Amino acid sequence: MARPRFYRRLTRSRSGVGTYSSLWLGPDHLLLVTSTGFSESYQRYYFRDVQALVVSDSNRFVVLLAVTGVALFFLGISALMAVLFGNGVSPWIMLPTIPTFIVFLWNLILGRTCKVHIVTGVQTVPLPPLSRFRRTRRVFAKIVPLIEAAQASLVPPPIGDTPTGAPPAAGANVAAAPEISPELGSGAAAS
Amino acid sequence: MPLASNCPSCHRTLPRDSWLNERQVHCRNCDADIEFVPFPALHANRSVVRSEAATLGEDATCFFHATNRAAAVCNGCGRLLCSVCAVDFAGQCLCPTCIANRPTSRPDNVSSRMLWDGAALMIATLPIIVWPFTIVTAPTAIGLAIYGWNKPCSLVRGSRVRLVLAMILGAAQLVGWVAFLTTVLRATPAVRH
């Protein structure tokens, strides 16, 4: 009999230096799993404690595009030279070209890169699995409503509902619940 | 109000005039566009927890602080706690001892786990590149897989597929070694006295 699943996957694993991490959704928290292959460590961010999510641009997309583009350009020139002045394209030149082209294309398909941080009362922590704007938007669409629901008691009731003379509720200076900006990641090259 | 004083990309101070609006900022140092998605907890009033001193002789006092008045009961051990010792943890009011000794059978209490399946599979697969080592690593992988069979596995991947795979690979390598040694011994001419 299959065991009930406590966590649902939000992102696939993203590899770092000797580790890979992934993001999972729990009943009332986010779970950041960092694995070395031999062991896993878990960090939990409860929805009620999340103060903000910070999304910033990252130049990894441009760097990877430039590096693979330049490599493809020179490999193409080499192939052209071989066709024009040699005895045709050597199969050896295809050996680095194919993986380089795959990386180039894969980077284009995944779209622009970003860095995401989660802000709590005591720390600001990066979320390495959220490295692409498209994936970030998809994950935010799932978790932002959950965080807002968990913090619903912190949102003050409308002014008309507050009894006259009654003390303001806890967190009465809270602004309206936020929404994800549609501009997030706009202008993406491939999104 | 700016949500953060430092840029999360370059960690340099964000001047106030960098903020385009309440949610967007452009860092001039690293030329990064930063977007904030704030939540109500950011602006919520934080109450400062202070314990009250026990004044009368009949006041119930905290188990850990004899001079503090009890304000809560631990959901784990039932001890009386003052406001300082009562910690709101995963929806429960617990004392520091219960938090330290919390059972790791619950998924939301686990902070790290050894992956016996990952270790067994890695030991079974990696030495294939330098195959002579497999005479040692194959039984090790099988032993690790057997040892880790009843150990708690990954919190997010609950299957034993890797353990089974490590056992199969280790057994295959051992069978290969037996076949290899048998062939070598048969090919060697027998020494006759």
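Val54 of chain A faces Phe36 of chain B, a residue of strand E2(B). The model is predicted, with local features taken at pLDDT of at least 70, side-chain atom pairs at pLDDT 80 or more, and totals for chains, interfaces and linings over all residues. Residues are numbered from 1 along each chain as its sequence is written, chains are lettered from A and ligands numbered from 1 in written order, and side-chain values use heavy atoms, without hydrogens and water.

Helices (H or I, at least four residues) and strands (E, at least two) are DSSP runs numbered from the N terminus. Two strands pair if DSSP finds at least two bridges between them.

| Antiparallel pair | Bridges | Facing residues |
|---|---|---|
| E6(A), residues 52-57, and E2(B), residues 32-38 | five bridges | Val54(A) and Phe36(B) |
| E4(A), residues 29-35, and E5(A), residues 39-46 | seven bridges | Val33(A) and Tyr42(A) |
| E5(A) and E7(B), residues 112-114 | three bridges | Glu40(A) and Arg113(B) |

An open antiparallel sheet of five strands runs in the order E8(A)-E7(A)-E6(A)-E2(B)-E1(B). Strand E8 (124-126) of chain A and strand E1 (24-27) of chain B are its edges; each has a single partner strand, so one side of each lacks a neighbour in the sheet. From one strand to the next, the twist averages 25 degrees.

Three residues separate the strands in the hairpin of E4(A) and E5(A), where Gly37(A) has a positive phi near 100 degrees.

Terms used:
Axes are lines fitted to C-alpha atoms, for helices over the stretch in contact, and angles run from 0 to 180 degrees between N-to-C directions.
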